[in-house]
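The structure is shown first.

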Amino acid sequence: MSQPKIIEMNKVSTIYEGEKTPALFDINLSLNEGELVCIIGPNGAGKTTLLETLNGLLPHTKGEIRILGQDIKKKGIYLRKQIGYLPQEFTVDPLTPFLVKDIILMGRYGQIGLLKKIPKNDYILMEESLKLMGIIDLKDRPIGKLSGGQLQKVMLARVFAKKPALLFLDEPFSNLDYHTTHRVILQISRAHDQNHWTTLLVMHDLNLIPERCNRILYLEDGRIVKDDIPEKVLTEKLLEISVR
Amino acid sequence: MSLTIFTILPLKTLVIILAGTCLAGVVCSLMGTFIVRMKLTSLGFCMSHAAFAGSALGLALSLPPLWFALAFSILVALILGPLTEQSRLQPEIILGILFSLTMALGLTFLNFIPDSALSSTAMSILWGSILGISSLEVWYLAILTFSITLIIILFFKEFQAIAFDRKMAEASGIPTRPFYYLILFLTGITVAFSLKLVGGLLIFALIVNPASAAYQFFHDFKKILIFSPLFGIFFSLSGLVLSFLLDLPVGSAIAIVSSVGFGISVLFSPKRRKG
């Protein structure tokens with residue numbers, strides 16, 4: 001019996017309002033449970049658009065997307081509760097009036113639901129994820145006072161605390177130093193295995209592709225040009241193109 | 001006029017005036033907390049001008065201005081919500097056009113008000129006339145303040161998440177659109193019911209200034225939600241006193257006091273201190 005598909009995209013196109021050329025064109029993709037897939041490609045290839053189309057934040061204009069067997073257009077709110085999403089280059093105003101602990105807990109609000117108090121267990125999850133990222137000392141700090149790297153760690157902790165079924169990370173290492181990056185890669189791989197997540201990672205630096213990655217999608221001009229195991233995708237020619 | 005007005009006025013009238021002032025201060029600054037944080041100030045300006053236009057139309061037709069103000073500001077909220085979200089036009093363009101249109105409509109409707117009423121009632125919707133507030137209007141404000149407070153308490157999680165970042169709130173599985181529209185709708189009602197205090201031209205000072213002042217002091221959103229209404233009360237009452245002292249329109253006095261209050265809060269803001 002074939003494995004159930006966690007993500008299915010059938011002939012999906014996404015066009016930004018006012019644009020004529022689709023940012024994503026005729027994408028067909030299916031992912032099984034437990035896959036760790038990296039998305040690579042040059043700037044403007046459609047990597048971020050693919051993630052945002054998949055979680056329904058950006059409505060697709062053609063085709064069908066099914067996440068966990070359900071249509072993202074019809075069940076977007078429900079499905080986004082199962083997706084841990086880290087956007088690219090998330091920034092906050094220095095005067096932003098929220099504490100780190102609030103930001104982490106907010107990631108769980110969708111799952112908690114309307115008119116319900118925050119359960120005690122959510123506070124435990126918040127603390128655990130802060131410890132996992134090594135930033136428990138930042139718990140009561142204002143989010144606007146953090147450095148870019150600290151903010152990135154907080155946003156990663158928020159995603160981990162959500163305990164999602166799917167993980168969509170858009171360039172999660174962009175603000176992290178060398179040592180932290182390697183620690184975070186390890187943590188993502190470990191958490192991915194322990195929680196049986198299906199993970200999609202948008203990567204810019206090909207040297208940082210986790211060993212655990214079992215598949216790479218290479219995007220160019222809004223199309224999936226290659227979709228295979230890392231050894232077959234990361235050819236010398238491709239590496240040359242992507243560093244250009 | 002001077003502070004002796006407080007001794008001349010019957011106690012019941014004084015209580016109505018003070019209660020109306022405090023309630024308008026609370027409800028406006030409570031909504032201001034979201035308007036300021038979500039950068040919806042231009043949108044709010046449009047709503048206050050729409051309420052002014054509605055009120056003027058009501059007076060021109062010799063019908064209750066409050067209900068017309070309410071209808072106009074809610075209508076603008078309902079139009080602006082989807083327009084700013086979905087339209088291909090830049091929100092600033094839509095807001096700019098509506099801003100001038102509502103103002104022009106308001107001034108046009110004022111021209112149709114019978115001459116005898118123009119000097120008193122019509123001017124009161126422009127600049128506010130707290131002395132003309134009725135006990136029924138204070139009750140409306142009290143019910144509105146209670147309802148908005150209750151809504152914020154019940155849906156605090158969702159409002160907090162949306163106030164942090166709407167896209168991230170949506171990504172976490174919160175249906176943000178109904179809450180976004182609710183904020184616009186409640187702001188529309190708040191503007192309409194508070195018009196009597198500050199007037200259509202300056203009502204937004206009471207929405208923006210106390211909340212902006214509270215944002216200068218705290219890093220915790222809950223504290224801002226508590227202190228913003230307290231600043232609202234303080235600025236409204238101080239403005240009221242100033243208006244009696246210097247014989248100014250209440251709306252202008254509140255706008256001046258709250259603007260000065262905001263300036264002081266920026267100067268003393270611990271959030272802006274370096275080190």
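## Helix packing and chain contact

In this predicted model, α3(B) passes α10(B) in a right-handed crossing. A crossing is right-handed if the near helix is turned clockwise from the far one by less than a right angle, and left-handed if anticlockwise. Helices (H or I, at least four residues) are DSSP runs, numbered from the N terminus.

Local features need pLDDT of at least 70 and side-chain atom pairs pLDDT 80 or more, whereas totals for chains, interfaces and linings use all residues. Residues are numbered from 1 along each chain as its sequence is written, chains are lettered from A in the order in which they are written, and side-chain values use heavy atoms, without hydrogens and water.

The table gives the geometry of two helix pairs; axes are lines fitted to C-alpha atoms over the stretch in contact, and angles run from 0 to 180 degrees between N-to-C directions.

| Helix pair | Axis separation | Angle |
|---|---|---|
| α3 (residues 41–60) and α10 (residues 176–198) of chain B | 9 Å | about 45 degrees |
| α4 (residues 65–86) and α5 (residues 91–111) of chain B | within 11 Å | roughly 165 degrees |

The angle between α4(B) and α5(B) makes them roughly antiparallel (over 145 degrees).

Ala, Val, Leu, Ile, Met, Phe, Trp, Tyr, Cys and Pro count as nonpolar, Asp, Glu, Lys and Arg as charged, and the others as polar.

α4(B) also passes α5(B) in a right-handed crossing. The residues of that contact divide into nine nonpolar, two polar and no charged.

Between the chains, the contact takes 31 residues from chain B and 36 residues from chain A. About 2,800 Å² is buried there, 65% of it from carbon and sulfur atoms; buried area is the accessible area (1.4 Å probe) lost on putting two parts together, summed over both. Lys157(B), Phe164(B) and His219(B) lose the most area in chain B, together 26% of what that side buries.

Two salt bridges cross this interface, a salt bridge being a side-chain nitrogen of Lys or Arg within 4 Å of a carboxyl oxygen of Asp or Glu. Lys167(B) forms one with Glu52(A), the closest N and O atoms being 2.5 Å apart. This pair runs from helix α9 (residues 166–171) of chain B to helix α1 (residues 47–54) of chain A.

How values were computed. Helices (H or I, at least four residues) and strands (E, at least two) are DSSP runs, numbered from the N terminus. Angles under 35 degrees count as roughly parallel, over 145 as roughly antiparallel, 65 to 115 as roughly perpendicular and the rest as oblique. Contact means heavy atoms within 4.5 Å.
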